[in-house]
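Look at the fold of each chain in turn, then read the notes below.

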Amino acid sequence: MNAPTHSDVRTQGSKTTRPRKAFFTPARLGIYAFLLSVAAFFLLPLYVMVVTSLKTDSEVRQALLFAWPAHAQFGNWVDAWSTACIALTCDGIQGGFWNSVRLVVPTTVLSVLLGALNGYALSFWRSRWGNILFGIMMLGAFVPFQVMIYPLVAWFRMGGFYNTYWAIMVVHCVFGMPVMTLLFRNYYVAVPQELFKAARIDGGGFWRIFIQLMLPMATPMLIVATILQLTGIWNDYLFGLIFAGKDNYPMTVQLNNLVNTTFGERRYNVDMAATILTSLVPLAVYFFSGRWFVRGIAAGAVKG
Amino acid sequence: MASVNIQNLDIVLGGVDILKSMNLHVQDGEFLVLLGPSGCGKSTLLHTIAGFNEVTDGSICIGEKDVTWADPKDRDIGMVFQSYALYPTMNVERNMSFGLRVAGVPKADIARRVERAAAMLHLKELLNRRPSQLSGGQRQRVAIGRALVRDAKVFLFDEPLSNLDAKLRAELRRELKQLHKDLGTTMVYVTHDQVEAMTMASRIAVMRGGKIQQIDTPAAIYARPKNMFVAGFLGSPSMNFIEGTLQALDGVWHFQSPALRVDLRHYPLQQTPLAGQRCVLGVRPESIKLCAPADSQQGSAQVALIEPMGASQIVWLNLQGQQVSVQLEAQATPELERSVGLQMAVAELSLFDAESQERL
């Protein structure tokens, strides 16, 4: 009806872009200030740990907690690793490190596989008591485990393997099972039953379907479960102290012994170095797998 | 190849009767389609044949073998699912050969059979792809291929085309029919799509509420539906139902409604009706011709709406307040709001009892 006006022509010709929002508004500044202060609050202890671990004994004695070391050196780390005295032996915490590795690796593999197996069986081979069993297992996840420590100790002693490598391994596997099972069950419940049926027609039995089909399919969940168990078992102190026995004390227990049972002067710098060494493994795991970790937790949360 | 014989089958799932004393005989080499709305038990029946449901009572035989309690893998069946159900971590070749590898078939034999199935289904270039790298149609072809390589005696299809778009569905439908023609294997196919049933089936079993309502060739079911449910389920647009009564005029049975009077001299009545019996006249859209109102002995109506379909058109008539659809060729030029006369081909009509809804 009307001829196009001048402004119509211009808007048709030029590309329109979304107007830019101002980057620094008062609200944003407030948010950033808050976030930065919170980050600083959580980073401060780490800063103190690192700085102290790099100081010489005399510098530590000056008690300037936040000061940067005048002569940063890694001697304390070497001490903590190989020569610091725990009770009467002076081998550092390297023994604890290897104990932890020896415990964490097979226990993680075993408990993750057990969880996957449970989840698979519960989701696909619907046995009559499956749901009740699952309910009982979930109940187990909510009972504080401290309650079960004394009965477990008594039971292990009766069986004759209290304070052994096997005792601590069994304990971690059993206490990890509810969460592992829940993770995998929720993952497998979302897998269409038809896939399982197709495999049944193709002749797959219980183990073949699990190993060749369901386990490779659950790779993201396997990674998440491994991270959870690896950090969980590495960080554990209580079970290690109670069930492992002197020869198998994991790194966390050794660290505590190092910090709390040295004679004479406290060498804070060595303590700090030992602490950093102990937490290095879970820290590294988080750093290199954070993406997977978040993904797995989110997947579990939505489907659970 | 084998027949499937189901006798007095009862299936109770979670305390609910899904199937009740079901009898079904699928002939050797037949393409049987189980057709029905969702929840009619057709999928349950198929999954029971496959061995995934506990049989409450009755028996299932495939060929000569009683498989009522056999494991799915021992039934000589191949199955294709709606969701494709491909193994996501394996490539196409390994997906198809999984069953053979489980069975310990020699490698050379596996390669030959996969090769043959891949050639049949145009999958040769895709053998190294993962399922996630395939389109829906390709995925379903792989699933069909996986069933093919097993050299099964009976193929079971559980709504295999329902997840595909219309064009692909028509394409795969044709391929499936071709496949059945080439192989001659017994196939049981579950769907709720009446077009799939009509186009592919040797016989259709229409199901409702766990019971088979009618089982016959597509043409017979379409032309002589046993009851109003079957009549309404097949055909698009669906059959028109017009209520009325049966009257004897001059010794000849007539269908009488306020707007229509149809001479039933040439209608094959199955039993002698009662005068004044309430009934429903079923007439398919293509069985009605239009003429000038004065030329019709049956009745007249007004043109209310026209839906052009390309090759044909659907004309909606207003028959004293009731919508009646008529299918005309594209060249016809009905005018809106005009009055038209109806001419129904009596031999193509269906009459149902208003109470029992069964065919008269």
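Two residues count as in contact if their C-beta atoms, placed from the backbone, lie within 7 Å. On that basis, 77% of the contacts in chain A with a separation of 6 or more come from residues 24 or more positions apart. The model is predicted.

**Chain A: overall shape**

- Chain A has 14 helices and zero strands.
- Its pattern along the sequence is α-α-α-α-α-α-α-α-α-α-α-α-α-α.
- The radius of gyration of chain A is 27 Å, whereas a compact globule of 304 residues would have one near 19 Å.
- The C-alpha trace of chain A spans about 100 × 65 × 30 Å along its principal axes.
- Buried residues make up 33% of the 304 residues of chain A.

- How many residues of strand β8 (residues 186-191) of chain B are buried? Six of the six are, so β8(B) is largely enclosed by the rest of the structure.
- In a regular strand, side chains alternate between the two faces of the sheet.
- In β8(B), B:T186, B:V188 and B:V190 point one way. B:M187, B:Y189 and B:T191 point the other way, and all are buried.
- Strand β3 (residues 31-35) of chain B pairs with β8(B) in the parallel sense, over five bridges. Within this pairing, B:L34 has B:V190 as its bridge partner.
- Strand β7 (residues 154-158) of chain B also runs parallel to β8(B), joined by five bridges. Here B:F155 stands opposite B:M187.

**Chain B: the antiparallel sheet**

- Which strands form the open sheet with antiparallel pairing, and in what order? There are four strands, in the order β2-β1-β4-β5 (chain B).
- The edge strands are β2 (16-26) and β5 (65-66) of chain B, since each pairs on one side only.
- Strand β4 (residues 57-62) of chain B runs antiparallel to β5(B), and two bridges join them. B:I62 has B:K65 as its bridge partner in β5(B).
- Helix α1 (residues 42-50) of chain B lies across β1 (4-13), β2 and β4 of chain B. The angle between α1(B) and β2(B) is about 65°.

Conventions. Residues numbered from 1 in each chain as written. Chains lettered and ligands numbered in written order. Predicted model: local features only at pLDDT ≥ 70, side-chain atom pairs only at ≥ 80, totals over all residues. Buried ≥ 20, exposed ≤ 12 C-beta atoms within 10 Å, placed from the backbone. Pairing = 2+ DSSP bridges. Rg over C-alpha atoms; globule rule 2.2 N^0.38 Å. Axes fitted to C-alpha atoms, helices over the stretch in contact; angles between N-to-C directions.
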